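Subject: Structure handover

Dear colleague,

Please find the structure below. My notes on it come after.

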Amino acid sequence: MEVDVTMFLFLLICIITVLIFFHLRSGKNVAERKGKKGEKIVHKILSKLPPDYTLLEDVVLFTETGTTQIDHIVISKYGIFAIETKNYRREIYGDDNREYWTQMIVTKVRFRRLFSKVYTYVTKNKLYNPVKQSIGHVYAIKKKLRDMPYLYIEPIIVFIGNADLSHVITNHKVIYGKNLLSTILSYTTVVITETDVQLIVEKLTKHNVKGVIDNKTHVHNIKMAEQRKYESIQSGLCPRCGGKLILKKGEYGSFYGCSNYPKCKFTCNPT
C-alpha cells in the first residue's frame, strides 16, 4: 500500500510539472505571437511610405554587451527612424526615467445569481521601458555609422492594439499605430544626401547579423547584458559610459542620473 501511495504521488508531481511547463511555454508563445502580429501590422503601415524611403526590418546588431534587435529602421533623405513596436491593450503607465512601465487591465464581471454584484479584477503586467530600449537602439545604430557623426536618428515607439497612452509621460515619440505614417512624413527638411542614404542602407545591411545569431543566443545575450547592467548600477556606476550615478530630483520624483550628463543621458530609478 505504501508503494502504491508513493507511486501515485510521484506520478501526480510529474503531471503537475508537465502542466506547469506547457502553461509557461504557451504563455511565452502567446507573447511572441502578439509581438510578431504587431510587427506585421507596422510593416503594412510602413509599406505605404513613398518609394524614396528604405525600410529595414528585424535588424540584429552586435553591441559592446552582446546583441540588440530593432524591429524596423526607416532610412530617407529626411532622416533615420528607429521604430520599436509594442502590441499591448488597455492602460499603459510610464515615463522616461522609470525602468519598467506598467500595463493595467481592469475587468468588471457581473454575477446575476449573487444579487447582480459586480466584481472588479485588476491585472498588472510589467514591460521594460520602451523609451530606454529605443534609445539603446539609436546608440547601436550610431556605433555602426560612427564615421557619419552628423546623422540624427529619431527613436519612435509605436503601440499597436487597443492601448491607452494617456498615462504615459515622455519627451519622446510614443505614439499610436494610426499616427506612425504621419509622424514620419512630418519630417520634410532634407538632412541626408541620396548618396549617403544608399551608403547607410549598405552599412546597416552589412552589419545585420540576423542570419548569423539565432534567437536563443540573442535572448542569452540580452540576459547577460541585463546582469552586467544590474551589477554596474549596484556599484554606483553608469552601465553605459562608466560615469558615477548621482541621485537627482525631477518633476516626477527622484532618480539616478549619469555624472557625464548631457554627453550621457542614462537614468534609472532608485532601488
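Predicted model: local features only at pLDDT ≥ 70, side-chain atom pairs only at ≥ 80, totals over all residues.

Residues are numbered from 1 along each chain as its sequence is written, and side-chain values use heavy atoms, with hydrogens and water left out.

Confidence

The mean pLDDT (the predictor's confidence in each residue, from 0 to 100) is 82 for the chain, and 76% of the residues score at least 70. Helices and strands here are DSSP runs numbered from the N terminus (helices H or I, at least four residues; strands E, at least two).

Salt bridges

There are 3 salt bridges in the structure, each being a side-chain nitrogen of Lys or Arg within 4 Å of a carboxyl oxygen of Asp or Glu. For accessibility, buried means under 20% relative accessible area, exposed over 50%, and partly exposed in between (1.4 Å probe, protein chains only).

- K86 and E84 meet through their side chains at 3.3 Å, N to O; both K86 and E84 are buried.
- D95 pairs with R98, with 3.4 Å between the closest N and O atoms. D95 is buried at a relative accessible area of 9%, whereas R98 is partly exposed at 30%.
- K203 and D147 have their closest N and O atoms 2.2 Å apart. K203 belongs to helix 4 (residues 194-207) and D147 to the loop between helix 2 (130-144) and strand 7 (153-160), so this pair ties together parts that are 56 residues apart in sequence. K203 is buried, with a relative accessible area of 18%.

Aromatic rings

The count of aromatic pairs is 4. Rings of Phe, Tyr and Trp (its six-membered ring) pair if their centres lie within 6.5 Å; planes under 30 degrees apart count as stacked, over 60 as edge-to-face and the rest as tilted. Among them is the edge-to-face pair of F81 and Y187, at 5.1 Å centre to centre with 70 degrees between the planes. It links distant parts of the chain, since F81 is in strand 3 (residues 79-87) and Y187 in the loop between helix 3 and helix 4, 106 residues apart. F81 is buried at 1% relative accessibility, and Y187 is partly exposed at 22%.

Y100 and Y128 also form an edge-to-face pair, at 5.8 Å between centres and 80 degrees between planes. Y100 lies in strand 5 (residues 100-111) and Y128 in strand 6 (residues 117-128), 28 residues apart. Y100 is partly exposed at 35% relative accessible area, as is Y128 at 22%.

A charge sits over a ring if NZ of Lys or CZ of Arg is within 6 Å of the ring centre and within 35 degrees of the ring normal. K126 lies over the face of Y100, 4.4 Å from the ring centre, and the charged end of K178 is over the ring of Y176, 5.9 Å from its centre.

An open sheet of 3 strands has the order 10-11-12, with antiparallel pairing; strands pair if DSSP finds at least two bridges between them. Strand 10 (245-250) and strand 12 (267-268) are the edge strands, each pairing on one side only. Strand 11 (residues 253-258) is joined to strand 12 by 2 bridges, and Y256 has C268 in strand 12 as its bridge partner.

Regards
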